[in-house]
Every structure is written in C-alpha cells, then in structure tokens.
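Have the viewer open as you read.

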Amino acid sequence: MDIKMRWRLFLRSLLLQSYWNFETMQGVGFSYSIEPWLKACFGKTPDQYLQARARHQECFNTQPYMAGFILGMVCALEEDAARAPETDRLARIDKMKALKKGAACALAGIGDALFWATLRPFCAALALVSALALWRVSERAAVIAAAVYLISYNAPSLYLRWRGIGLGYLWKEQIGLKLKAFPWQSWIQGLRWAGVFFVFTLAALLLGATGGDFNGLPVGAVVFAATALLKPRSFSISRLYLIVCLAGAGASAAGLQ
Amino acid sequence: MELYLAVLLIALLELDSVHAGQFMLSRPIVLGALLGLLFQRLELGFSLGALVEMFSLEALPVGGHVPANATIAAGAALLFALGPSPVPVEAAFPAGMASGWAYRWLDARARERRGAAASPGGAVLMGILSQFASTALFLFLAVVFLRPLLCWGWPWAPDFVSEGLRFALTLAPWLGTAVLAKTLWPG
C-alpha cells in the first residue's frame, strides 16, 4: 500500500457514515472507502471486483475513528484473497468477513468509550475553562476556546484515523492481539481525571463570575453539587431542565420570586 | 439576509456531525462562536452554544441510537436569539432544544427509508446532498415560521412562564457543568 493509495483510502473513510441507514449501517460507506483498493486488487476481473464491492456493502458498524484499523486489515486480507488460488479464495473471504465483524464490535467498544464518552466531554471542559479564564483578558476568548476544542479533539483522532489504516494493513489477523497491547483503559482513566479537574475549575470560575446568583446566595453552586451527586444517569438533563422551569414558574406564580 | 446565510452555513456544518468528516465543526460550541462572529454578538453566541454543548454530551451516538441533533438544537437556538428582532434567550434555548429533538425524529425516519445501494459512490453523494437539503429546509422553516411566532407570542406569555424560563436559564450552566462532571467521573 503506497502513500497515494493510503491517502485515497483515508479521504474516502471520512465519508464512512454518509449513507448511514438501519439496514446496512456503515456498509455503503465502507464499500465506498475501500473501492480504490478493490479496483487495484480485482481491476482485471470485473466480476470479482463487483463481488468484492458487494460483500463490503453488507451490514457493518463501528466507531468511525477506529474504522481505519479495519479498513487496513481488510485491504491486506483482500489482497491475499486476490492472490490466492481459486480453491482457497472462498475460505479466505469467509475468514476475512468473520474477522471484520469481530474487529468492528471490539473497536466500537473501545472507540465509543475513548472518543464519545471521554475525549469529547474532556475537550468541551477544556474549551469552556479557556473561555472563562480568558473572558476578561481577550475579546476573542470565544474564538480561542473554539480553536482549543477543535485542536485538542482533532489532533489525536485524526492521527488515529490515519495511523489505523497502516497498522491494520500491517497487523492483518493479529489485529486483536496487537490492539490488546494498547493501554486504552489507562488513557481513558487519565483523560477522565484530567477532565474532572477541568470541570471543577470550570465550576470555580463560574462561581467567581456569577457569585451569589439569587439574593446573594450561591444557588447555582448548590444545584451543581446536588445534580452531580444525586442525578441518576437515566434521568436526562432536558427533563431536569423542564423540572427547574416548572419550579421557577411555580415559585413565581406563588409570589416567591 | 444574514439569517438565511446562517441557515446554509449550519446546514453545511451539520454534515460534519455524521455524514462527512466528523471534525467536530458541527458541535454547538464551535457553531456558537462562528454564528456569534457572523452576527457580531460573539459572547451571546458562544454562551448559547456552550449551553447546548453541555446539554448534548450525555447522549452518545452508539450503535443504532440516534440522539437529539445537537447541531440543529444549537443552530435553531442561535437563529432565534441572534439577528434582527431576536427572541429572548430564555425562550430561544428551549425552543432550540425542542428543534433538535424534532429533527431527530425526522432524521430517524429518513434513515429507515434508506436501503441497499447499487453504487456506493452515488449513494454517498445522494446521502450528503439529501442531508444538506433536509437540514436547510428544516432550519428555513424554523426561521420563517417558528421565529416570528416566538417573537409575536413572547410578550403575551404569562409572567410566571417567563420567570420560570429565566430562572431555569440562570441555573442551566450549573446543570450543564454537573452533567459534564457526571459524564467524566471515572468508574
């Protein structure tokens, strides 16, 4: 896989979810991503090319930033299948399909925990702290905060998306073992603790900015503590917001505000 | 005119949330700063975007789950609160969040109708164009119908309703920060 092909696969992988649907999920997007590679492997045999493209349109779903690992792995295995004798090809294809499915589930679990549940809120906390800290110093604090958010999120995610293709191609069937060696949980825990630090810094800055928000009483800080300690995860923040609206409306109607 | 330009910008950036790239350009915190710059109300734009960001971090797009669309929620709230004759922020914020939920329902129906595709390239292009068109149309209708309705209806709202919304908006940053803490707390 040369650098030009890797770029083509990488750019196409950015459109992995462009035709997301409940039937094939990312299947169409995956097939689109791997198309240049399949043309290179099976270009001289159009029937085999169409079969290869069709098998990658089947149901597939994983965390989009981790899909590069699977893309690389599948490229290597399709290349092996294309070179294999006719008698061996079907067995290799079946093995590839099973590996692809297994890797998709495993990587989805890692990716969801790392990116959606950890890195994204961490970057949000970092950006909000930057904004509040710079508010009195710079008119463009908001722009700086947005830039901090984008850079802190995209640096690791783009690196992983690009690197994943090369590593998946190199590791092939060993992908499971190799990925197990990465300290995913340590990274997640470390990011979470750092995120918690930024959240409490945010709360302190917010308290400094708003002070006693209701007749000198830091009601907001009390609400923060109560929500953080008592809110069940299954109870959405939107529902909580609605309850607070109703409480405020009720207090106003009763003449308490 | 700026409002309609903003509609197109939001529709373009919304593609980043799922369909193309996922570079987080569609996130409310970025959208708020961008639209705040466009309407020369950077502080308000960013603050509203930050609120929607915190409120949307709970719901994760895992497996087949389609959460409320945070880009639409932020975009709608910002379109209501910025520009000429703006809607008060305490009304714009919940109206924006409700728009995000409404769009989620429409998006789920659209995804159900998509099936297998003969040509991946054609399907990818169709997916992107249809998503852009549907987002732009949804926001256009929000600007043309919902925004004037909110502007007209707000002065008629009973005092306790407006007080309730104002009270909730004052506490919203604390609620959002608490949810951020819960989301990040290890274990």
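A:Glu86 comes out as exposed, at 61% relative accessibility. Keep in mind that this is a predicted model. The side chain of A:Glu86 pairs up with that of A:Arg89 in a salt bridge, 3.4 Å from N to O. The two sit about one helical turn from each other, because they are three residues apart in helix α5 (residues 86–134) of chain A.

So how does A:Arg89 count, buried or exposed? With a relative accessible area of 13%, A:Arg89 is buried, while A:Glu86 is exposed.

## Across the chains

Next up is a contact between chains: B:Glu58 and A:Lys231 form a salt bridge through their side chains, at 2.5 Å from N to O. On the chain B side, B:Glu58 belongs to the loop between α3 (42–56) and α4 (70–81); on the chain A side, A:Lys231 belongs to the loop between α9 (219–230) and α10 (237–253).

B:Glu58, at 25%, is partly exposed.

## One more pair, and a network

Over in chain B, the side chains of B:Arg166 and B:Glu163 meet in a salt bridge of 3.0 Å, N to O. Both residues are in helix α7 (residues 159–184), three residues and about one turn apart. B:Arg166 is partly exposed at 35% relative accessible area, and B:Glu163 is partly exposed too, at 27%.

Elsewhere, A:Arg12, A:Glu35 and A:Arg53 are joined into one network by salt bridges that share partners. Over all chains, the whole structure has 15 salt bridges.

## The cavity

How many cavities of 30 Å³ or more does the structure hold? There is one, and the largest cavity has about 60 Å³ of space.

Its lining is made up of A:Ser13, A:Leu16, A:Phe30, A:Pro64, A:Tyr65, A:Ala67, A:Gly68, A:Leu71 and A:Arg161. Sorted by class, that's six nonpolar, two polar and one charged. The top contributor is helix α4 (residues 67–83) of chain A, which supplies three residues.

## A greasy patch on chain B

Finally, the surface: B:Tyr4, B:Leu137, B:Phe140, B:Leu141 and B:Phe145 make a nonpolar patch of about 500 Å². Helix α6 (residues 120–153) of chain B gives the most to this patch, with four residues.

B:Phe145 lies in that helix. Its relative accessible area is 57%, so B:Phe145 counts as exposed.

Note on methods. Residues numbered from 1 in each chain as written. Chains lettered and ligands numbered in written order. Predicted model: local features only at pLDDT ≥ 70, side-chain atom pairs only at ≥ 80, totals over all residues. Heavy atoms only, no water. 1 Å grid on protein atoms, 1.4 Å probe; cavity = no way out; pocket = protein on both sides within 12 Å on 5 of 7 lines; lining within 4 Å. Points joined across faces, edges and corners; volume = space filled by probe spheres on them. Nonpolar A, V, L, I, M, F, W, Y, C, P; charged D, E, K, R; others polar. Patch = residues over 30% accessible without salt bridge, like charges linked within 9 Å, V, L, I, M, F, W, Y side chains within 5 Å. Areas by Shrake-Rupley, 256 points an atom, 1.4 Å probe, with all protein chains shown as cover. Salt bridge = Lys/Arg side-chain N within 4 Å of Asp/Glu carboxyl O. Buried < 20%, exposed > 50% of the residue type's maximum accessible area, 1.4 Å probe, protein only.
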